[in-house]
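Please look at the sequence and the structure shown here before reading on.

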Amino acid sequence: MRGFTLWVTGPSCQNNSILSRAIEEELLERGMKVELLNIDAVQSCLLGDSDDPLVSINEGMKSVGFIAHLLTRNDVVAICSYPSPRSSSRDEMRKLIGRFVEVYCECALDNLKKQGISMEEWNAYEKPDKPEVICDLEKEGHEECAHKILKTLEILGFIPPSDDDEAYSEDEEDKIRQRLQDLGYI
Amino acid sequence: MGRLLVIGLDCATPQLVFDRWKNLLPNLTGIGDRGRRARLFSTVPPITVPAWTAMMTSKDPGILGFYGFRNRKSYEYEDLYYANAKYVKEKTVWNYLSRNRKKSLVFGVPQTYPPKPLNGVLISSFLAPSKEVEFTYPKEIAARLDEIADGDYMIDVRDFRTEDKDWLLESIYVMTEKRFKAFKTLYFEDEYDFAILVEMGIDRIHHGFWRYFDENHRLYEPNSPYVNAIRDYYIRLDQLIGELLQMLGEDDAVMVVSDHGAKTMIGAICINEWLIEKGYLVLKEKPTQPTRLKTEMIDFEKTTVWGEGGYYARLFFNVQGREPLGQIPAEEYESFRDTFIRDLEAIQDENGKCIGTRAFKPEEIYHQVNNIAPDVIAYLGNLDWRSAGSVGTGTIHMFENDTGPDDANHAEEGILIMDFPSGSYRQIQDVQSIYDIAPTILDYFGIPVPRDMLGVSMIREEVR
């Protein structure tokens, strides 16, 4: 399976992080090589010494994007959940990485306030124009959002489809029936 | 924390491992002496499917939504499906382990075909139609298995119900040797946090050879050359297990489990013949020769109940508004079922003695009842008798099985033997639940036990 980058963006880091972790676990369960690049995982080793938070965020994002690029081209799934308020910066990452899926995680202003996010930060965030997936954790819940993302990845051909066909083929069923009769189970 | 190896012995029975042959099985006995042993109470019903999946998910058959190998898909009369891995919607221990970056080797666990991806390797079980299909994950492992197993890895013995006992015995040995060799090679050539091997040989040998060693079996043959067939096979299995143990590290933990036990089968109750006699089942035309009952033979306009054979009986009601030609008024369903169960529990042996049948209503024994359960699940003579589905047998009691020789039935209690070297245990009861295995595995790896698992961990935190 080829690698790709799932870039989870939105004004609420908390929501992005929750959703990223859910997708990470789902893909791990499917036996894929996955790395999660979130602010907690990379802050200590990737951020520069600058005291200016915006400089730090931009530097950090570039570093995360570069690592995601390396992982992707080595057939690892990189899930990036890192503050990336500028649309143009995310577009640069899309160009750099190529196999790139952007998930926009919406968050209502009231919930942002509850999470301690200021109006200034809210205003600084630039929504993506054409994200592959739009999620609203509060409205849709984790499971539905994760399902939507996974289905999108399947449709785009980034991950193998989960097989919903529940039956054996006719020929297989005949063999199984005979076998179970031989074994006394039916 | 070391690795955890789970050795599954389908049908291994506590009376033989813990008592009768205890001194002949130094490795199994040693694990228990160093750690703990208990009888392991199975699912209702105690059958390979659903028992192994119940063990690996800590969910009962009702939650899982399958009640045996073959299940009703709808209330149509002939709409059945075989419960393969695609029907397993609950998470197994290796799903949780994969999520937590733990690597697993899942080898021969029933109901894992078709194989689903995981972090590790999965070799599916005897429910794979053949080796021609993709039965491993990753698929390349199939060729490796053949290579290790002297050119021909065996998923199962080919023809289990045979009178050719020499051939059957040899086949069981060949299968087991190949499977242990393949497992051992795969296990020790890579690093797996968790590994489980399920060996089916004990189940096959119990069904094929029980009459030769059990003095209480109706068909016991005192001077049979197979008198020690089962005992010797247990001894060989114990040696193979010993070889695995020798290769484990000091910190590694091991569990030996079985999904159910075995007991002498007195005979078979021809459940559909009994239903005909009692007036519950009416056939369009009664066959004169023993014939497997097919639903097209049933006159559903006159039938209220029909049954299926197997190691336990599944009874299906023909209910108005539910089945296409339903006969039992829906509002009388419960009273009908109570009356029917009383009849069922009064079934007698050929001498007129009540055999002690136990009947279960699914909603009373499961936490949920998903998909379509039988209306009644019955242990005929408390599993001393199996259920034969054939009609035209001319009798209700049969002493040779309708689908070929079979000496043993399944028993509700299997085995649990565990040794967690650095560990301490919670209070281990004489009888633990099959649902306690998955929580214990997760707990060992420090993974929080999901609250919806039915069982509890048997180890304390310091084991980790």
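## Terms and basis

Two residues are said to be in contact, or to touch, when they have heavy atoms within 4.5 Å. This is a predicted model, in which local features need pLDDT of at least 70 and side-chain atom pairs count only at pLDDT 80 or more, while totals for chains, interfaces and linings use all residues. Residues are numbered from 1 along each chain as its sequence is written, chains are lettered from A and ligands numbered from 1 in the order in which they are written, and side-chain values use heavy atoms, with hydrogens and water left out.

A:Asn15 lies in helix H1 of chain A, which covers residues 13–29; helices (H or I, at least four residues) and strands (E, at least two) are DSSP runs, numbered from the N terminus. Leaving aside residues up to four places away in sequence, A:Asn15 touches A:Cys105, A:Glu106, A:Cys107, A:Gln115, A:Leu137 and A:Glu138. A:Asn15 has a relative accessible area of 4% and is therefore buried, a word that stands for under 20% relative accessible area, with exposed meaning over 50% and partly exposed in between (1.4 Å probe, protein chains only).

In chain B, B:Thr29 has its place in helix H2, residues 26–34. B:Thr29 also counts as buried, because its relative accessibility is 11%, and the residues it touches, not counting those up to four places away in sequence, are B:Lys22 and B:Arg37.

## The two domains of chain B

Chain B is assigned a domain 1 (4–263 + 410–463) and a domain 2 (267–405), with bounds that come from an automatic or database domain assignment. The C-alpha centres of these two domains of chain B are 30 Å apart, and their contact involves 36 residues from domain 1 and 39 residues from domain 2. Between them about 3300 Å² is buried, with carbon and sulfur atoms giving 54%; buried area is the accessible area (1.4 Å probe) that two parts lose on being put together, summed over both. Of the area that domain 1 of chain B buries against domain 2, B:Tyr67, B:Tyr77 and B:Arg161 supply 26%, more than any other three residues.

Five salt bridges are counted between domain 1 and domain 2 of chain B, each being a side-chain nitrogen of Lys or Arg within 4 Å of a carboxyl oxygen of Asp or Glu. B:Lys263 forms a salt bridge with B:Asp384, where the closest N and O atoms are 3.1 Å apart.

## Where chain B meets chain A

How many residues does the contact take from chain B and from chain A? Chain B gives 41 residues and chain A gives 28 residues. The two chains bury about 3100 Å² between them, 47% of it on carbon and sulfur atoms, and in chain B the residues that lose the most area to chain A are B:Tyr82, B:Arg99 and B:Arg101, together 26% of what that side buries.

The count of salt bridges between chain B and chain A is five. B:Arg99 forms a salt bridge with A:Glu26, in which the closest N and O atoms are 2.7 Å apart. Helix H5 (93–99) and helix H8 (201–209) of chain B are the elements that give two or more residues to the side touching chain A, and H5(B) gives the most, with three residues.
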